[in-house]
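User: I would like to go through this model with you. Could we begin with the strands and then turn to the core?

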Amino acid sequence: MDMNHVENQDCYAGLTVNSGVAQPPSVNPYLTRRKRKPLPSVGEMVEGIVKGDVTMLSRAVTMVESLSAEHQAVAQEVIEKCLPFSGNSRRIGITGVPGAGKSTSIDVFGLHVLKQGGKLAVLAIDPSSERTKGSILGDKTRMEKLSVHPGAFIRPSPSGGSLGGVARKTRETIVLCEAAGYNNIFVETVGVGQSETAVHSMVDFFLLIQLAGTGDELQGIKRGIMEMADGIVINKADGDNIERARLAMTQFKSALRLFPTPASGWTPEVLTYSGYYELGIEEVWKMIDSYFEFVKANGYFERKRAEQSRFWMYETINERLHSHFYNNPEVQRMLAAAEEEILHNKRTSFAAAKTVLDSYFGAEN
Ligand code: GDP
């Protein structure tokens, strides 16, 4: 009992006040702040990647995905140095609506290609990941068998930014993976929007996974996506669904006949398979193998890659110009003011745009 405390005097009998217990410090002294691992040098990263060190590869991909200018600068140097070691792979884009069976199929397709030796990287482009906070595409938990395979590197879609930005990051990650010895690259995307075009611009073969449906559903498939496909595969051809899948195959074949022959000279094939029951997998890969033989023989493979590199140079320039402009504080201020004026009919859109651009270019000169 604390005898010095005023309330322990006789007049307060019945009430005892004990000395307080010292409060523990608000911060656990044993919990020292974990130091962030220092950034490996560009040289260390490149050396690690070329040796196939997965940790280094992952760190470099994180740099590519980072929004920090410092990380971006490091990433660009690493990519530049990895470029001579890249290119030696088969880049395959895989698309299909949610539920088409992309993850089930990639798991099975992936094991199939890994049986032939080499390594496989599974990447993804999902611009909606910005809204949903984290992409489900390319998620390890969706590919049970591949995720525990030592030869597979699975990376979900980079998040943040425009589709162009997300796609550029995936394009750069391909370079890093190839330098690390991944000779098979799958790029997955959801077949519902613009992202197929982005994937198409970075792969050699574009596979469209479809489901059996009625003629009506066939109408709903965007013509553009079908036109991009080098192969259409109808999944879930198992059990009661086999007949319907065959019918869908016929429908797709006749729909494809209406399209002009693609620049590759390759006529897209249509097959049925079952990812879940692992039926027809071999045939799908035979088709893909014959495509590669075909386009390597007629020179289209090299031409397309060169065309894609050109495309990505312009994409990168466009994206950088865009972000440089919109991230400029003065531009942001002027745009806000211009919006006000336009909304109140004080100026025309064109005049307002001219003022902002003139000011930007004037400042740049
Ligand atoms: P994703 O959204 O395109 O990645 O599709 P999932 O791979 O997650 O598959 C969606 C659903 O279809 C799951 O319930 C799978 O088990 C099922 N599924 C996938 N492939 C097949 C198949 O070949 N046959 C059957 N019957 N079901 C399948």
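**Strands and core**

Analyst: Strand 4 (residues 184-190) is largely enclosed by the rest of the structure, because seven of its seven residues are buried. Buried means under 20% relative accessible area, exposed over 50% and partly exposed in between, with a 1.4 Å probe and protein chains only. Helices (H or I, at least four residues) and strands (E, at least two) are DSSP runs, numbered from the N terminus. This is a predicted model, in which local features need pLDDT of at least 70 and side-chain atom pairs count only at pLDDT 80 or more, while totals for chains, interfaces and linings use all residues. Residues are numbered from 1 along each chain as its sequence is written, and side-chain values use heavy atoms, with hydrogens and water left out.

User: Which residues point each way from strand 4?

Analyst: Asn-184, Phe-186, Glu-188 and Val-190 point one way, Ile-185, Val-187 and Thr-189 point the other way, and all are buried.

User: What pairs with strand 1 (residues 90-96), and over how many bridges?

Analyst: Strand 1 runs parallel to strand 4, and seven bridges join them; two strands pair if DSSP finds at least two bridges between them. Ile-94 has Glu-188 of strand 4 as its bridge partner.

User: And how does strand 2 (residues 120-125) pair with strand 4?

Analyst: Strand 2 and strand 4 pair in the parallel sense over six bridges. Opposite Ile-185 in strand 4 stands Ala-121.

User: Turning to the core, how many residues has the largest nonpolar one?

Analyst: It has 53 residues, and Ile-49, Val-78 and Leu-176 have the most contacts inside it. Such a core is a set of buried Ala, Val, Leu, Ile, Met, Phe, Trp, Tyr and Cys residues joined through side-chain atoms within 4.5 Å. Helix 7 (residues 163-179) gives the most to this core, with seven residues. A second, separate core of 32 residues includes Ala-152, Phe-186, Ile-281 and Phe-301.

User: What is Leu-176 in contact with?

Analyst: Leaving aside neighbours within four places in sequence, Leu-176 is in contact (heavy atoms within 4.5 Å) with Ile-49, Leu-57, Ala-60, Val-61, Val-64, Val-78, Ile-79 and Cys-82.

User: Is helix 7 mostly covered or uncovered?

Analyst: Helix 7 is mostly covered, with 15 of its 17 residues buried. Just after this helix, Gly-181 takes a positive phi of about 95°.

User: Finally, how many helices and strands are there in the protein?

Analyst: The protein has 15 helices and seven strands. Of its 365 residues, 43% count as buried.
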